[in-house]
Amino acid sequence: MPNNSEKHFEIDSHLEYPVENIRESVFNPQSKIQNRDAEVIWHPFTQQHTAPFAIPVVRGEGAYFYDDSGKRYIDAIASWWVNLHGHSHPYIAQKVMEQFGQLEHVIFAGFTHEPAVRLAERLLGILPENHKKIFYSDNGSTSVEVALKMAFQFWHNQGFTRKIKVIALENGYHGDTFGTMAVGAKSGFTAPFDPFLFDVIYLPVPVKGQEEAALKKMEELMADSEEIAAFIFEPLIQGAGGMVMYEPEILEKLLRLAKNHHILTIADEVMTGFGRTGKMFATDYLTEKPDIICLSKGLTGGTMALGVTSCTQLIYEAFLSDDRRKTLFHSHSFTANPLACAAALASLDLTEKPETREKISRINAWHQEFESSLTDTENEAIAEIRIKGTILVIELRTEEGTSYFSNIRDIAYHFFLERGILMRPLGNVIYLLTPYCISEEDMRFIYGKIKEFLALFTSGKDV
Ligand SMILES: *Cc1c(COP(=O)(O)O)cnc(C)c1O
């Protein structure tokens, strides 16, 4: 770490403020909320000791939200990958309010309601044809927990007591609960909990050049397939792991191997669902379909907490029995909340509009255009650029060394924030994952700022 300090300084000297002062730089003495927040709130994924004061947001509209000083931010990461159609969308708001006047919530065991049934019908209409049942929960992590429990109990109910192992891709992210941490990558984030996480067999991510290695490992693992319950993966893009991409062809091969050896396949589409990759679901790029699919984030257009785990009829039927112990004993208080279902139905209406589909392909075209507009000097700062559907990923060239590495993340975050753009780099990876409603003008503004950042980055560095 100490030998990197010089580099810190080089980079810092190109900024208007030293990184140490970032905490103060966003502090607004006029904002009483910031002080009150600091007194009582513990924020997620936040080192409260060093993190800048939280920025109070008072209003959202379209691709923008506004803080209490009136500053406008373009939400270039769709508020952690959830927002599809813009903030405070009037159509979704209207549908949720109508539902509130009718029924806000009811227990979902022994009772049902129109929004939940209608949403399940519509989802099954667009999910792969082999999917026949919808199980509701209330966020992405729980949708994955349910998927894992379904898979384990599917085998348990049929007496396959040895089928208790899971294959997962290296570098994956499936949530922050214990089961989802177990199947995700182990890292500094999970270290305090590693002793409590069940063992998982990891497969290399089949990125370009690694396809054969992944396939070979999968083939080797098939020798013990009678011990393996499921294979879980983020299809085509690993989000939190750095927006790492791989091709449908290799996933197809892995899925086929798993299926041929009676291993259930779980596609975690929590981030990729609802048009992000250019198709409605990432699994729409495949002919071999997974047995279980997890959805959340964009499900309600990013307005309310809702999770869905869909599965095949075969899985569903393994839980049907006169023996009550074969029940899927999983439930959350707010399972299938009618307001969230109403929001999801409204969001689907918007997603299925021809204008939205058109917008999704237009965003992709803008990204491609941006990529080809990069100069040689700009490209020097870039290790790799990746585009899939509406997602643009720029992996910055960095030296080895972790503290230098994380510093770039902070510098990039504050560089864009100061310019009214919310980006949230993953280490040295900056990416755009905007609401679909973003205007061409705003996207071009962001591209311009990215170019400014790349210039700053190359000039502050001995390349
Ligand atoms: C965000 C995410 C999750 C977890 O969803 P939460 O709603 O944050 O619990 C799971 N899987 C993937 C692929 C995600 O991107």
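**Figure 1. Polar contacts between domain 1 and domain 2.** Between these two domains, 12 residue pairs are in polar contact, with both residues at pLDDT 80 or more. A polar contact is a pair of N or O atoms within 3.5 Å; within protein, one must be able to donate a hydrogen and the other to accept it, and residues adjacent in sequence count only if both atoms are side-chain atoms. The model is predicted: local features need pLDDT of at least 70 and side-chain atom pairs count only at pLDDT 80 or more, while totals for chains, interfaces and linings use all residues. Residues are numbered from 1 along each chain as its sequence is written, and side-chain values use heavy atoms, with hydrogens and water left out.

Figure 2. Domain 1 comprises 55–88 + 355–459 and domain 2 comprises 90–352, with bounds from an automatic or database domain assignment. Their C-alpha centres lie 27 Å apart. To the contact (heavy atoms within 4.5 Å), domain 1 gives 25 residues and domain 2 gives 26 residues. About 2100 Å² is buried between the domains, 63% of it on carbon and sulfur atoms; this is the accessible area (1.4 Å probe) lost on putting the two parts together, summed over both. On the side of domain 1, the most area is lost to domain 2 by Trp81, His85 and Lys388, together 31% of what that side buries.

**Figure 3. The shell of residues around the ligand.** Trp81, Asn139, Gly140, Ser141, Tyr173, His174, Gly175, Glu234, Asp268, Val270, Met271 and Lys297 surround the ligand, each with a heavy atom within 4 Å of it. By class, the shell holds four nonpolar, five polar and three charged residues, Gly being counted as polar.

**Figure 4. Side chains facing oxygen atoms of the ligand.** Polar side-chain atoms lie 2.6 Å from a ligand oxygen atom for Ser141 and 2.7 Å from one for Lys297. For Asn139, a side-chain N or O atom is 3.3 Å from an oxygen atom of the ligand. The protein buries 84% of the 380 Å² that the ligand exposes when taken alone, by the Shrake-Rupley method with a 1.4 Å probe.
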